[in-house]
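Hello,

Here is the structure I promised to hand over. Please look through it alongside my notes below.

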Amino acid sequence: MALSHLSSTRSNRLLRPLAAAASSLCRPISTSTEPLVIETSIPFTPHKCEPPSRSVETNPQELLTFFRDMATMRRMEIAADSLYKAKLIRGFCHLYDGQEAVCVGMEASINKKDCIITAYRDHCTFLGRGGTLLEIFSELMGRQGGCSKGKGGSMHFYKKESGFYGGHGIVGAQVPLGCGLAFAQKYNKDENVTFALYGDGAANQGQLFEALNISALWDLPIILVCENNHCKDVNLFLLLDFLRLFFTLLLLWNRVLNGWLFGRWHGHC
Amino acid sequence: MWGIVGQRVFRHGSSAMSLQGTRPAILASRSFSSAAKEMTVRDALNSAIDEEMSADPKVFLMGEEVGEYQGAYKITKGLLEKYGPDRVLDTPITEAGFTGIGVGAAYHGLKPIIEFMTFNFSMQAIDHIINSAAKSNYMSAGQISVPIVFRGPNGAAAGVGAQHSQCYASWFASCPGLKVLAPYSSEDARGLMKAAIRDPDPVVFLENELLYGESFPVSAEVLDSSFSLPIGKAKIEREGKDVTITAFSKMVGYALKAAEILSKEGISAEVINLRSIRPLDRATINNSVRKTNRLVTVEEGFPQHGIGAEICASVVEDSFEYLDAAIERIAGADVPMPYAANLERLAVPQVEDIVRAAKRTCYRSSSLAATA
């Protein structure tokens, strides 16, 4: 865009051949629907089941929609971060940037009658299920135009008609709820499944194992997706605090050592 | 044993009616049916659940021992045989897990009836009752409705000790988004259970183990499959003019006995069966207090922050000028329930406690700081 602006000004005749050369270096983006087979990079580790095939059939146009969706999600989360720091979003704001591929990939292979339920990191999942940016930002800022009319907040986005059941604040609670959704699908004899997303923190919750046990006993159509973003582990801020503490202690010890070595304290005895 | 005592009270009540002669017509038509068909609370609950499951295929039952064992207290007897294992599900001992699954099924549009073997075990699942069920309608601005019923015995049984005897009425009744019902008679059990199953919101249905075997007369209207009682309306079990006694569940029986004893001493007590703890029928309670000017609240649970406390606050806020005496609260003792029979008897309200409290409000005896 900047290049085309430069080439339009009369005084920049010198830059015109440069602009032309630059535009020929821009890669054209294909929107063809020719099938393309991609092999995923990391092999699956199966446990008591057959691993799915690593070859995925797609096409450039579809890949472009994936990119567009993920890029929108990324920009949306970064904008939400800025709004949160500006105190226009209150309370909690859990961001999904870095995890966009999970929900975009899931959406590509399911339909709106399949159900998704997740925890509180739900902005992008909601967008993937058909929510709009306006609904998301309105809800985050507590406005009536929000998807929950401003009454839910960041952690409570729902879109029942698209099979999105929230948006839950209690770590791990969404897993038994998701198994319940799968139970209802089986009860109604729907040919659909439920995806219950959870994280490395919720993996410790007892209710997860209780729900898994019942799901195995009753053969429920539930797929549990663990998104390990290492949030529950030591994070950067904690590390920085430790480093700060370490260097403070080092400085203190240095002073004590100096005092003793150079006898500054002997005079006080 | 309780059934026999109950029958004796009712027979005595009906003979008292004929002696007095001038009774309001509404009481005569509402109290006892001339057909005098009797039904236990257990059968009332069983028939209500059976009829609702038959009428709506979305209703299903889930809990420990509800199926093959016919129900821990035989409330769900015969239902597995009738509706099959797809609709009557035995769960492992995992309250948090199966309650969450029930709430998730309700999100999707089914109508689960979740049984807790006693409400003491509901504490294991209380996060799902409160955070996943009660609050979802509000948090989703009406998108998600949760038509679920949580039922089971509540309160003290006999000799089961501290961990199995607590009353959870005030815990659940304080939460917006829940409806809390507490039936007393078979008519209450049938009508309120049907209303609870048909309700689109989460309902906590507090039964009482000691009432299951008690028989009550039921009219033909009650036995009809379309019968239901409105949620949020209390019932005046016995009209009176000197003191109002509010109670729910088993304590209604005690309050009625106390009213009998008081009537012999010239005090006419009005007994209100709350039926609905949330929403509380403040209108009926206040109208009654405005008539009698005295109030005694009775409950089995712990006294602090209990149902009686809420009723006191409501009456003081709405009908303060009508009160002629301080409100008396009768509740369980402020201790974990003891095991020894004599201590257990001291830890729950008895009929004499209600009688003494009513007399205190009528200034018939000196006010003692006696608790239940």
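**What was found**

UniProt, in an unreviewed entry, places the feature "domain: Dehydrogenase E1 component" at residues 68-230 of chain A. UniProt positions follow the numbering used here, feature names are shortened, and annotations may be inferred rather than shown by experiment. The end C-alpha atoms of this span lie 26 Å apart. The span is 42% helix and 9% strand.

This is a predicted model: local features need pLDDT of at least 70, side-chain atom pairs count only at pLDDT 80 or more, and totals for chains, interfaces and linings use all residues. Residues are numbered from 1 along each chain as its sequence is written, chains are lettered from A and ligands numbered from 1 in the order in which they are written, and side-chain values use heavy atoms, with hydrogens and water left out.

**Sheet in chain A**

Chain A has an open sheet of 3 strands, in the order 3-4-5, with parallel pairing. Strands (E, at least two residues) and helices (H or I, at least four residues) are DSSP runs, numbered from the N terminus. Two strands pair if DSSP finds at least two bridges between them. Strand 3 (115-117) and strand 5 (222-227) of chain A each have a single partner strand, so one side of each lacks a neighbour in the sheet. On average, neighbouring strands are turned by 20° against each other, direction ignored. Axes are lines fitted to C-alpha atoms, for helices over the stretch in contact; angles run from 0 to 180 degrees between N-to-C directions.

Strand 3 and strand 4 (residues 194-199) of chain A pair over 3 bridges. I116(A) has F195(A) as its bridge partner in strand 4. Helix 7 of chain A lies across strands 3, 4 and 5 of chain A, at about 175° to strand 4.

**Cores**

The largest nonpolar core has 70 residues. Such a core is a set of buried Ala, Val, Leu, Ile, Met, Phe, Trp, Tyr and Cys residues joined through side-chain atoms within 4.5 Å. Buried means under 20% relative accessible area (1.4 Å probe, protein chains only). Helix 7 (residues 174-187) of chain A gives the most to this core, with 8 residues. F183(A) is among the members that touch the most others. Beyond four places in sequence, F183(A) is in contact (heavy atoms within 4.5 Å) with residues including W218(A), F60(B) and L110(B).

**Cysteines**

The structure holds 0 disulfides (cysteine sulfur pairs within 2.5 Å) over all chains. The cysteine sulfur nearest to C93(A) is that of C124(A), 10 Å away.

Best wishes

Methods
Buried means under 20% relative accessible area, exposed over 50%, partly exposed in between (1.4 Å probe, protein chains only).
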